[in-house]
Amino acid sequence: TVCWETDTAGLRSPPTVLEKSNLASAGLAVVFGAEDAGVPYDVAEACDDFVSIRTAARGSLNVSHAVAVVLYERSRQVSNLVP
C-alpha cells in the first residue's frame, strides 16, 4: 500500500519522491488523502510507503491532478517492464 502524502504524520520521514518510487508491482493499492485533511492516521499506519509529488512552487496539487500524475507514472513504469 502506498500513500500519497507530503505529511507522513511522523510515521515515515521523508516520503519517497514519485520518480524514485516502485509503482509497477502487481496488487498495488494506492491511497490518496483528502485535500483538506490528508490521509487519516489509522489508514496511514497501514501504508508500506509514502510518496510525494514534487511541485515547482510551494504547495500541493488538487487530488484529481495527483491521481492523474500517479496513474501516468504507474503506466510508464509498467510499460517499461514489457519487452
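**Reading a predicted chain, from fold to one glutamine**

Tutor: Let's start with burial: buried residues make up 27% of the 83 residues in the chain. Keep in mind that this is a predicted model.

Student: How confident is the predictor, and where is confidence lowest and highest in the chain?

Tutor: The mean pLDDT is 82, and 82% of the residues reach 70 or more. Confidence is lowest in strand β1 (residues 2–4), with a mean of 59, and highest in helix α2 (residues 63–81), at 91.

Student: Which pattern does the chain follow along the sequence?

Tutor: There are two helices and four strands, and along the sequence they run β-β-β-α-β-α.

Student: What share of the contacts with a separation of 6 or more comes from residues 24 or more positions apart?

Tutor: Such pairs account for 83% of those contacts.

Student: Now a single residue. Is Gln 77 buried or exposed?

Tutor: Buried means under 20% relative accessible area. Gln 77 has 10% relative accessibility, so it counts as buried. You will find Gln 77 in helix α2.

Student: Which residues does Gln 77 contact, leaving aside neighbours within four places in sequence?

Tutor: They are Leu 18, Ser 21, Asn 22, Leu 23 and Ala 24.

Student: What does the side chain of Gln 77 reach at 3.0 Å?

Tutor: The backbone oxygen of Ser 21.

Methods. Residues numbered from 1 in each chain as written. Predicted model: local features only at pLDDT ≥ 70, side-chain atom pairs only at ≥ 80, totals over all residues. Heavy atoms only, no water. Buried < 20%, exposed > 50% of the residue type's maximum accessible area, 1.4 Å probe, protein only. Contact = heavy atoms within 4.5 Å. pLDDT = per-residue confidence, 0-100. Polar contact = N/O pair within 3.5 Å; in protein donor to acceptor, adjacent residues only side chain to side chain.
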